[in-house]
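Work through the two exercises below with the sequence and the model side by side, and try each task before you read its solution.

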Amino acid sequence: MSVDFSGPPPRSRNTKHALIAMELIARPGEWGIVQRPASISRASSAAQAIRTGRLSAYPIGEFEAKARTIVKQGGVQHRVYARYVGPKK
């Protein structure tokens, strides 16, 4: 077996978060449900990652995000809502 040394892997621009960010940018100011995690703590963590720019797809200050628990017809859902607000001026 031989190893092919061809440099670092290319950066992917089509990650799950990059695609979500592109959809939000296409509809600025409009809230969208971007995730339905299993717990409110995971929803809160995801919302914070979007707000603080911890994920490179969401530049800091350009996106707002909130975590909410919704009770609907006896069922409970945890959701992450996000929207694109544009660069801060």
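Two strands count as paired if DSSP finds at least two bridges between them. The model to which this is applied here is a predicted one.

**Exercise 1.** Determine in which order the strands of the open sheet lie, and which strands stand at its edges.

*Solution.* Begin with β1, which is joined by 3 bridges to β3 (residues 75-84), the two strands running antiparallel. Within this pairing, Gln 35 stands opposite Val 80 in β3. Next, place the strands in the sheet: there are 3 of them, paired in antiparallel fashion, and their order is β1-β3-β2. The edges are therefore β1 (32-35) and β2 (63-72), and because each has a single partner strand, one side of each is left without a neighbour in the sheet. From one strand to the next, the twist averages 45°.

**Exercise 2.** Describe the second largest pocket by its space and by the residues of its lining.

*Solution.* Start with the space in this pocket, which is about 170 Å³. Then list the lining, which consists of Ile 20, Glu 23, Leu 24, Arg 27, Glu 30, Trp 31, Gly 32, Ile 33 and Val 34. The elements that give two or more residues to this lining are α1 and β1. Sorted by kind, the lining residues divide into 5 nonpolar, 1 polar and 3 charged.

How values were computed. Residues are numbered from 1 along each chain as its sequence is written. This is a predicted model: local features need pLDDT of at least 70, side-chain atom pairs count only at pLDDT 80 or more; totals for chains, interfaces and linings use all residues. Side-chain values use heavy atoms; hydrogens and water are left out. Helices (H or I, at least four residues) and strands (E, at least two) are DSSP runs, numbered from the N terminus. Axes are lines fitted to C-alpha atoms, for helices over the stretch in contact, and angles run from 0 to 180 degrees between N-to-C directions. On a 1 Å grid over the protein atoms alone, a cavity is a set of points where a 1.4 Å probe fits but cannot get out, and a pocket is an open set with protein on both sides within 12 Å along at least five of seven lines; lining residues have an atom within 4 Å of a point. Grid points are joined across faces, edges and corners, and a volume is the space filled by probe spheres set on the points. Ala, Val, Leu, Ile, Met, Phe, Trp, Tyr, Cys and Pro count as nonpolar, Asp, Glu, Lys and Arg as charged, and the others, Gly among them, as polar.
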